Amino acid sequence: MNFTADDHRYMSEALRLAELGRLTADPNPAVGCVIVNGGEVVGRGWHRAAGQPHAEPLALAEAGHRARGATVYVTLEPCSHQGRTPPCAQALIDAGVSEVVSAMADPHGRVDGSGHEQLSRAGVRVRSGLMERAARALNRGFVARHERGRPWLRIKLAVSLDGFVAGADGQSKWITSAAAREDVQQWRARASAILTGIGTVLADDPQMNLRLPGVDRHLTRVVVDSNGRMPENARMLGLAGTVIVAGRRHPGWERGGVEWCELPSLADGRVDLTVLLERLAERDINEIQVEAGSGLCGALMGAGLVDELLVYQAPVLIGKGKPMLAMAGMEKFADRLHLDLIESRRVGPDWRFLYQPAHQPDRQTGS
């Protein structure tokens, strides 16, 4: 389908609007909308949070009567079903728009082309696929959950120059700088949940909360605890939000805000992490940030469940310590895994690297 320079310009603006909801719209997708009539932008909107109006009705409200006969640029196919808010496709039809240009189809099973179809049946011209790659990347977790049945998973690691996440004495606070730790909060805010292991809980008693000014959202915290060792007095249990303890054995206590998720075991005795991610997808978890020890991180990588590695590398040498990832079955050099470097950036005295596993089709877009 052919798109003009103006089409690209207006969709770029819609994507910039969608980006405003990236940290707050979860578990809904971040969506932006621009309405153009006679070469002039007459309406703009972006989805702020679940339960609040979608981007299209906000843009229609701003456009008013000038929406009639207009072209609508929207980063995701307008929804066609009644959810927490009315269907956007019908709102566009009722407003009398003449054309809808979308970046991508909505992978949600209740939409997935039906919004476009509803618009077409009503005589609205529909064009789709403009800047689709950027739109998919913006909502990679939402796309991953609906297209493959599990969330987008990112491992965060703070490492020394010689590749250790902790010293031989187990100490790891702090390998990286305060600037790097503040930057991590931005990445936490993108996620729906933080995943860690019982070893990290017992060693560090972390809070795993979101400390980002202007973002009033509580992350779900997930603890992989195979043998029921989760302490009832862990600090994270005293914070707002849900804590999911996942493993083979119940920890033996109950508490408000804490949920137990029983997992099956693999042949080697470890819990099935694929099943865990599928269960989390059923809970509308789009994106997961893993902040755990080398064992759990290595198991996730070995199972092929990792989409991104977010590595903060500090200019320090430890000499002996714990490796970044403990991966079984990689005794030979030939077993090595290759990564693609997506981004590198200086953060204070440290460097931040974003990697994705190599040789995977369209990993950046979550498909």
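The legends below describe close-up views of a predicted model.

**View 1. Aromatic rings of W351, F353 and Y355 in the predicted model.** Three aromatic pairs are found in the structure, and one of them joins W351 to F353, whose rings are stacked with 6.3 Å from centre to centre and 20 degrees between the planes. This pair counts as stacked because planes under 30 degrees apart fall in that class. Ring pairs link W351 and F353 with Y355, so that these residues make up a cluster. In terms of accessibility, W351 is partly exposed, its relative accessible area being 38%, whereas F353 counts as buried at 17%.

**View 2. The charged end of R48 over the ring of W46.** In this close-up, the charged end of R48 sits over the ring of W46, at 4.0 Å from the centre of that ring.

**View 3. The charged end of R190 over the ring of W187.** Here the charged end of R190 is placed over the ring of W187, and the distance to the ring centre is 4.0 Å.

**View 4. Packing of helix α2 with helix α3.** Helix α2, which spans residues 55–63, packs with helix α3, which spans residues 88–95, at an angle of about 20 degrees and with the two axes 9 Å apart. Because angles under 35 degrees count as roughly parallel, α2 is described as roughly parallel to α3. The crossing of α2 and α3 is left-handed, and the contact is made by E56, P57 and L60 on the side of α2 and by C88, A91, L92 and A95 on the side of α3.

Definitions and conventions:
Residues numbered from 1 in each chain as written. Predicted model: local features only at pLDDT ≥ 70, side-chain atom pairs only at ≥ 80, totals over all residues. Heavy atoms only, no water. Phe/Tyr/Trp six-rings, centres within 6.5 Å; stacked < 30°, edge-to-face > 60°. Buried < 20%, exposed > 50% of the residue type's maximum accessible area, 1.4 Å probe, protein only. Lys NZ or Arg CZ within 6 Å of the ring centre and 35° of its normal. Axes fitted to C-alpha atoms, helices over the stretch in contact; angles between N-to-C directions. Helix = DSSP H or I, 4+ residues; strand = E, 2+ residues; numbered from the N terminus. Parallel < 35°, antiparallel > 145°, perpendicular 65-115°, else oblique. Left-handed = near helix turned anticlockwise from the far one by under 90°. Contact = heavy atoms within 4.5 Å.
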